[in-house]
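Open the structure in your viewer and keep the selection tool at hand. The tour goes from domains to a pocket and then to one helix.

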Amino acid sequence: MRFFATCAKGTEGALRRELSGLRLPAVRGDRGGVSFEGALEAGMRACLHARTAMRVLLELARFPAPDAAALYEGARAVAWQDWLDVRTTLAVEATVSSTTITHSGFAALKVKDAAVDVLRERLGARPDVDPKDPDVRIVLHLARDEATLSLDLAGAPLHRRGYRAVTTEAPLKETLAAAVLLLGGVDPALPFADPMAGSGTLAIEHALRARRIAPGLDRAFGFQRWPSYRGGPQSAWDRMKAAARAEILPRAPAPIVARDGHPKAIQALRLNAAAAGVEADLEISQADARDLQPSADAGAIVTNPPYGERLGGGGEGASAAEARVAGKKLQGFYRGLAEMLVRHHGWTAVVLSGNPLLERAIPIRPAVDHRLWNGPLEAHLLKYELP
Ligand SMILES: C[S@@+](CC[C@H](N)C(=O)[O-])C[C@H]1O[C@@H](n2cnc3c(N)ncnc32)[C@H](O)[C@@H]1O
């Protein structure tokens, strides 16, 4: 079977390394994700262990679909009865970029019709559609007149690990935070500090990794609702989870500092860390980021500073004079952050920055400058080796 795991744009390298580390066969990076091969267990393993994957798709068919009739016929050729029975609900989700079929809802309808027709013919009855919470989620990707039909193993996207009890402003997705840690080469055995932790995503993801807690251990997955699950896959899944639980370290090997200047963020941080089961691993406190002092000879500062809007107070509707004052204030703040970074001699700093002013304020050239996307926003992962 062929799988395709998706991830945030710019983080494919991190996902490829993770899947190779799981020793999955034929791992190959592509745009927006990574493909691999294997039995259903390979896909389940990716769901359980991959920290940077957003979804894991099992490819069922790939065929030319220059028009709606070809799409319907291609979808009819799939042995849907292998994946659904008359009691399973289904939904079809489509992304299309085609010249002849331009409406994704229409394309999804064609695939749904084909699947339902096949099941009615072969099983004598048709399953129901449940667009909100289906048992089986079918995914159509139609690009350049080629259709790919897949099943979504994860169900709810994998970034929803289940520990985000409270959100603050501009939280990172869990999968993106994990990618920042991997792409930044952060060593889980060394001290860690995020002085602008917000809801704590980077610190929590670091703690999960440091304690070898698999990201999918405590959530439900789409494949568990597939009719075929109760055969072999269920016991394979139970064994996989038991093996993953046996790997967990009782505590993180080095201190993990998570601070923020805002009391609401501290509240969210504590609740989220507790929900993730890593509260005891985190040293949480309210403080100004610029006051952070080195707590050891080496370690990593990993942080995602504010982009500017909240700090500067400028934003839309601000006059030119107000915007100038806001810009100056932001530059001053970034200079303070740069001073804090450079006094961490011997440390590594990994900064996810959405504002070029920050890079300009740091008087050292980054060893790594990697472009990635935080949703629709372009950001730079900057890695500094602090002398
Ligand atoms: C972009 S958010 C970080 C989001 C975080 N990575 C998450 O996933 O939730 C930036 C954070 O910096 C904090 N912050 C702004 N100025 C600060 C300062 N001077 N000292 C400490 N924290 C500050 C804000 O409260 C906010 O939580």
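The stops below each give a selection and then what is found there. Keep in mind that this is a predicted model.

**Stop 1: the domains.** Now look where the two meet: 11 residues of domain 1 are in contact with 15 residues of domain 2.

**Stop 2: the largest pocket.** Select Phe-4, Thr-6, Arg-31, Gly-32 and His-141, which are the closest to the centre of the largest pocket among its 32 lining residues. The space in this pocket is about 1,200 Å³. Which elements give two or more residues to the lining? They are strands S1 (2–6), S4 (55–64), S5 (90–97), S6 (136–143), S7 (146–152) and S13 (368–374), along with helix H5 (174–183). With the domain colours still on, note that domain 1 and domain 2 each supply at least three residues to the lining. Sorted by class, the lining holds 12 charged, 11 nonpolar and 9 polar residues.

**Stop 3: helix H3.** Select residues 68–76, which form helix H3, and then pick out Leu-71, Tyr-72, Gly-74 and Ala-75, its buried residues. Turn the view to look down the axis of H3: the buried residues fall within an arc of 165°, so they line one face of the helix. What do the buried residues of H3 pack against? Show S4, helix H4 (104–123), S6 and S7 to see their packing partners.

Conventions
Residues are numbered from 1 along each chain as its sequence is written. This is a predicted model: local features need pLDDT of at least 70, side-chain atom pairs count only at pLDDT 80 or more; totals for chains, interfaces and linings use all residues. Side-chain values use heavy atoms; hydrogens and water are left out. On a 1 Å grid over the protein atoms alone, a cavity is a set of points where a 1.4 Å probe fits but cannot get out, and a pocket is an open set with protein on both sides within 12 Å along at least five of seven lines; lining residues have an atom within 4 Å of a point. Grid points are joined across faces, edges and corners, and a volume is the space filled by probe spheres set on the points. Helices (H or I, at least four residues) and strands (E, at least two) are DSSP runs, numbered from the N terminus. Ala, Val, Leu, Ile, Met, Phe, Trp, Tyr, Cys and Pro count as nonpolar, Asp, Glu, Lys and Arg as charged, and the others, Gly among them, as polar. Domain bounds come from an automatic or database domain assignment. Buried means under 20% relative accessible area, exposed over 50%, partly exposed in between (1.4 Å probe, protein chains only). The arc is that of the directions from the helix axis to the C-beta atoms. Contact means heavy atoms within 4.5 Å.
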